[in-house]
Every structure is written in C-alpha cells, then in structure tokens.
Amino acid sequence: MAQANPDLVMHCGDIVYNHFLLGREDYRCLSIYGPQMRSVPFFFCAGNEDLETPAVDQPFLNTFYLPTNSVTGTKHFYSFDHGNAHFAVLWVPSLKYYPGTEPYGLTNGSAQYNWLTNDLATSTKPWKFMALHSPVACSSYHRFDDENANGIYDTFELHDLLVPVAQRYGVQIIFSGHEHVYERSNPMGGVYQIVSGGGGGPLPPYYITERDAADSEFYLSWHFVQVTVQGDTLRLQAIGTNGVAFDSMTVQRKLPPPQLYDAAWHSPLVE
C-alpha cells in the first residue's frame, strides 16, 4: 500500500481482529499503519469485530480522528470530498443489535438513511462512493447471515435498502468488508460492489456458499484495492502481497464519442 503512494486510504472495518479491546489499537493497528499515516489520511468504517466488546463503540471512537455528520454530531457515519470524488461512510458494522448504538442504525427512514440521501443529493462531485462494513452482495460465509433475526438475509436487506439509493444519486461503487475475501460484482443497475476483506486478518477456509447472481470475480487472498480516478475514467485493481494486480476493471462515466468504422459492403469482418 505504501508503495502505491495513495492520496488516502479507506478501511472497511474489522480494524482490530479479533475484537477491538482497549490496548490492542497500538499493536494491531497503529503500529502497522503508523508509518503511512504520517503522510496519508486514513478513513475507517466500524466492523462487527470493532464493537463486540464490553466497551462497544468507545475503542473505535476514541482511537481515530474522523469527520462527523450533521445529524448526530458524531463520527459513527460521515462523508467527505477528495478531488472529484465524494465518499459516504456508513455505520453498518452488521445488522446485529449493539447496546447504545440505536440512534446510529441504518434502516429505511432512520436518521442515518435520511442523512445519506440528503448528503448524496447535494453532492456535485462526478464520482460518488459508499463504504460500509457489511456487504450488499457476497457469495461466501456471511451470505445467509440474519443478525437482526427478521427472517431476511442481511445481504438482501442491505441490497434492497442501498442499491436503489446508489442508483438514484449516481454512486458508482459500494465498497464493503466483512468477508475475508476479494469479490467484485457485475454492475447492478450501474452500481458496482467490491468486497475487500483481505487486509491482514486470518484467511479461514472460506468457500463460495452460493454464488451471488451479480458475482464476477472471487479470490481468497490477502490484498488491497487500488482505485485511480482521472477525468471520466476510473481504474480499479486488486493487488496481492507480491505487489501484482490479480484483478482489474475500468469504469467510464460517459459513453465514448461516436465513431465511424470502415467496412466492405456485404463483407463484414468482426475481430
């Protein structure tokens, strides 16, 4: 990651594995990213492992200096701009109940949901990204989770909640973690979904539980995702520990200009 020389780093949660206990932040996070943090801003989503402690969200909130939102005044969820991009960072460690965090939950009509739609509607940036811990689509271990026990798989619930919002307000990519894999989806109504959970935690024997209909690529490997935006072109690469990209895609915001092609009458040649 340091060799990639990024402008910023986005972390999709489960920052300290396993369980974000006070005292672990130094030797399981800050000591690792510290040299890069001296010159590169890091932005974090909270993961389920970051809250499943007696102190719940306090270790996460006390460790990182992050933007705040205009609704609750806290850094549970927030947004920021960088260059031509707008980032909306959501508070969805999972759909499980965490004591004391009820005001920050994401449901249709909740404070976070209303903040998100207003935030995206007022952004004039051409590139828009969402980041949250729990994926809106996946093919592995967490595909059939139902953490709030409402009879609906969490991935299906988040997909139905967030993908229409992303489509309506021009979000190109939804980034998430949770699964210790890399997974890239085909566009869902113009919205891509990237799962990037190979940031150093254990790689258990995950397998494809049921391949999601939108799934395009699936890798069980440590990695990070590098995104480069230049004008109307976005280039995404998944890079392994050897520094080599093992997956990539290009997204264009606009159609290419019209172009005429020479062809012999009645003799089409398509290569």
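How many cavities of 30 Å³ or more does a search of the whole structure find? The search finds 1.

## About the model

This is a predicted model, in which local features need pLDDT of at least 70 and side-chain atom pairs count only at pLDDT 80 or more, while totals for chains, interfaces and linings use all residues. Residues are numbered from 1 along each chain as its sequence is written, and side-chain values use heavy atoms, with hydrogens and water left out.

## The cavity and a pocket

On a 1 Å grid over the protein atoms alone, a cavity is a set of points where a 1.4 Å probe fits but cannot get out, whereas a pocket is an open set with protein on both sides within 12 Å along at least five of seven lines. Lining residues have an atom within 4 Å of a point.

## The nonpolar core

A nonpolar core is a set of buried Ala, Val, Leu, Ile, Met, Phe, Trp, Tyr and Cys residues joined through side-chain atoms within 4.5 Å; buried means under 20% relative accessible area, with a 1.4 Å probe and protein chains only. In the largest such core there are 65 residues, and Phe60, Leu90, Leu116, Met130, Leu162, Ile173 and Ile174 touch the most other members. Helix α4 (residues 154-169) gives the most to this core, with 6 residues; helices here are DSSP runs of H or I with at least four residues, and strands are runs of E with at least two.

Leaving aside neighbours within four places in sequence, Phe60 is in contact (heavy atoms within 4.5 Å) with residues including Ile15, Phe20, Phe44 and Trp91.

## Asp50, a buried residue

Asp50 lies in the loop between β2 (42-44) and α2 (58-63). Asp50 counts as buried because its relative accessibility is 0%.

The side chain of Asp50 reaches two backbone nitrogens: that of Ile15 at 3.0 Å and that of Gly47 at 2.8 Å. Not counting residues up to four places away in sequence, Asp50 also touches others, including Gly13, Val16 and Cys45. His19 is 31 residues from Asp50 in sequence, and 5.5 Å away in space, C-alpha to C-alpha.

Terms used:
Buried < 20%, exposed > 50% of the residue type's maximum accessible area, 1.4 Å probe, protein only. Polar contact = N/O pair within 3.5 Å; in protein donor to acceptor, adjacent residues only side chain to side chain. Points joined across faces, edges and corners; volume = space filled by probe spheres on them.
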